[in-house]
Amino acid sequence: GMLEQTSNEILNADDIPAIEEVVSWCIPTSVSIKAGNYMGCGSIIYMSEEEIILVSCKHLLQYGYDIEVTFFDDTQVFGVVTYLSDQYDVAFAKIKTDQIPPSTLVDLRYLHVDKDRVSTLKEGDGMFLIGFEAGGYLTRIGKVVNPSEYFVEFNSFMMRNQCAGEA
């Protein structure tokens, strides 16, 4: 199918380390989210001493102001939805770090965005997304649609990606 074809084109063993290793680097950035009676996933996009900011889908976070968040090590905490986009299927939530065990925080402190690597991405480049749902991880293969698109609503440049299987 399309996913296998896209996977073969994007995930060339000569270009990147073994997929299992790449996935292991990314897993801590992904969280499971329960909003109301709905489950989904999100990603850590910012972390300070006091809080962690998550990005997820509006179609998930619109179902609960108070959310339950599960980290890669099964640590469960509560967060609050801080913003639902008017134009996009994007939403943000905040978690206070004082409810997260020190061992989990230590592992999360090593997360960072390799801005030099990200700056080399161009339209059509392959990418994959890792999500954490229902006790397991899933991956979606996709491509970069625009490496630096300006979004007025967020007053920011962001990368727009499309995953296989999306309309």
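This is a predicted model: local features need pLDDT of at least 70, side-chain atom pairs count only at pLDDT 80 or more; totals for chains, interfaces and linings use all residues.
The protein chain contains 5 helices and 9 strands. Along the sequence these elements follow the pattern α-α-β-β-β-α-β-β-β-α-α-β-β-β. Of the 167 residues in the protein chain, 32% are buried. Among contacts with a separation of 6 or more, 51% are formed by residues 24 or more positions apart. The accessible surface of the protein chain amounts to about 10,400 Å², and carbon and sulfur atoms account for 52% of this area.

The largest nonpolar core comprises 19 residues, of which Ile52, Leu54, Leu61, Ile67, Val69, Phe71 and Ile95 touch the most other members. Two or more residues of this core are contributed by each of the strands β1 (30–35), β3 (51–56), β4 (66–70), β5 (76–84) and β6 (91–96), and likewise by the helices α3 (58–61) and α4 (102–109). When residues up to four places away in sequence are not counted, Leu61 touches Ile33, Ala35, Ser56, Ile67, Val81, Leu84, Ala91, Phe92 and Ala93. One of these neighbours, Ile67, is itself listed with Leu61 among the core residues that touch the most other members.

Aromatic side chains were considered next. A pair of aromatic rings is described by the distance of the centres and the angle of the planes. The model holds 8 aromatic pairs. In one of them, the ring centres of Tyr88 and Phe151 lie 5.1 Å apart with the planes at 80 degrees; because an angle over 60 degrees is classed as edge-to-face, the pair is assigned to that geometry. Tyr88 belongs to the loop between β5 and β6, whereas Phe151 is in strand β8, so the pair ties together parts that are 63 residues apart in sequence.

The side chain of Glu149 forms a polar contact of 2.8 Å with that of Arg160. Beyond residues up to four places away in sequence, Glu149 touches Ser156, Phe157 and Met158 as well as Arg160.

Technical notes
Residues are numbered from 1 along each chain as its sequence is written. Side-chain values use heavy atoms; hydrogens and water are left out. A nonpolar core is a set of buried Ala, Val, Leu, Ile, Met, Phe, Trp, Tyr and Cys residues joined through side-chain atoms within 4.5 Å. Buried means under 20% relative accessible area, exposed over 50%, partly exposed in between (1.4 Å probe, protein chains only). Helices (H or I, at least four residues) and strands (E, at least two) are DSSP runs, numbered from the N terminus. Contact means heavy atoms within 4.5 Å. A polar contact is a pair of N or O atoms within 3.5 Å; within protein, one must be able to donate a hydrogen and the other to accept it, and residues adjacent in sequence count only if both atoms are side-chain atoms. Accessible areas come from the Shrake-Rupley method with a 1.4 Å probe; for residues, only the protein chains shown count as cover. Rings of Phe, Tyr and Trp (its six-membered ring) pair if their centres lie within 6.5 Å; planes under 30 degrees apart count as stacked, over 60 as edge-to-face and the rest as tilted.
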